[in-house]
Amino acid sequence: MTRPKVLVARAIFPETIARLAQHFDVEANQADEAWGKEQFVARLQGKAGVFTTGSERVDGELLDACPQLKICANMAVGYNNFDVDAMTARGVLATNAPDVLTETTADFGFALLMATARRIAESEHYLRRGEWTRWRFDMFAGSDIHGSTLGIIGMGRIGQGIARRGALGFGMKVIYHNRSRLDAATEAQCQAIYVGKEELLRTADHVVLVVPYSPASHHTIGAAELALMKPSATLVNIARGGIVDDAALAAALRDKRIAAAGLDVFEGEPKVHPDLLTVPNVVLTPHIASATVPTRRAMADLAVDNLIAYLTRGEAKTPLNPAVLSAPRK
Ligand code: GLV
């Protein structure tokens, strides 16, 4: 019996490839070549499944050019690289990698918040430049985390993890805004109070964005929203590029309309808006919020679990369009 063919779109752990190879004929991009759309389509010919990492675009046009493709397994919780409606319409299963990265990503959100509020990157660069010749009372004086008000926009699993860290670990007052309000038990567990977006922006000392990207959440934070924030406030984006208008943010940072920002994601990444590179009061990291070795392994394993479950048994652990399980592509 011929085995299904699977494509792995980006370099990944050798163990991940070895697991897939127990079940499938695997073509892997361990050289991590940057494929354009045409090359991606060419590599997908004859493949029943693809392991994606969150940056490979899968849309109706691609699916029509790859009629044998049955499942796209994203090694990411976010899946704005997938046109899920187009996938569902064609009976192609989409899966993502939730849960396994929640606590790691919440840790990072907090790390970035602390680095931003306490000006850790800026002061480290100063020291490395050899500029530290004398102590001064106001050197890199930032803002407090403990006892301050933390505003979280997007209160899914990761937002809740950040809320728990803030409330239980740092005695913060936690306010949040979300498309829908959490149930009372979850609010109590996170010690979080639901407020409108405008109230959150006006009153939070620190605003953390954890909202999924969609056309509706594009530029959740733009010039108008930044203008509502306190001049002493910090803004952290660990969600997706495009949630923040990066040009407007760079201008607000330059003019000190807010104190500082911490960004792990960018519009058009890996390109970074040039103005963000010239302002000192921003901490910039290259989309690494889930990057610990155990978590990246767990994410890869979950994507593999989905490929194996679907292509060998017609099941899936974390389907995004479960309707496909009963109406698969023939
Ligand atoms: C990372 O950004 C993810 O969506 O997992």
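The largest nonpolar core comprises 53 residues, a nonpolar core being a set of buried (under 20% relative accessible area, 1.4 Å probe, protein chains only) Ala, Val, Leu, Ile, Met, Phe, Trp, Tyr and Cys residues joined through side-chain atoms within 4.5 Å. The model is predicted: local features need pLDDT of at least 70 and side-chain atom pairs count only at pLDDT 80 or more, while totals for chains, interfaces and linings use all residues. Residues are numbered from 1 along each chain as its sequence is written, and side-chain values use heavy atoms, with hydrogens and water left out.

Phe-51, Leu-150, Ile-152 and Ile-162 have the most contacts inside this core. Elements supplying at least two residues each include strand E6 (149-153), helix H7 (157-170) and H13; H13 gives the most, with nine residues. Helices (H or I, at least four residues) and strands (E, at least two) are DSSP runs, numbered from the N terminus.

Helix H1 (residues 14-21) packs on helix H13 (residues 293-313) at an angle of about 15 degrees, with the axes 10 Å apart. Axes are lines fitted to C-alpha atoms, for helices over the stretch in contact, and angles run from 0 to 180 degrees between N-to-C directions. H1 is therefore roughly parallel to H13 (angles under 35 degrees; over 145 is roughly antiparallel, 65 to 115 roughly perpendicular and the rest oblique). The contact (heavy atoms within 4.5 Å) involves Glu-15, Thr-16, Arg-19 and Leu-20 of H1 and, among others in H13, Arg-297 and Asp-301.

The axes of H5 and H7 come within 8 Å and cross at roughly 55 degrees, which makes H5 oblique to H7.

Notes
Buried means under 20% relative accessible area, exposed over 50%, partly exposed in between (1.4 Å probe, protein chains only).
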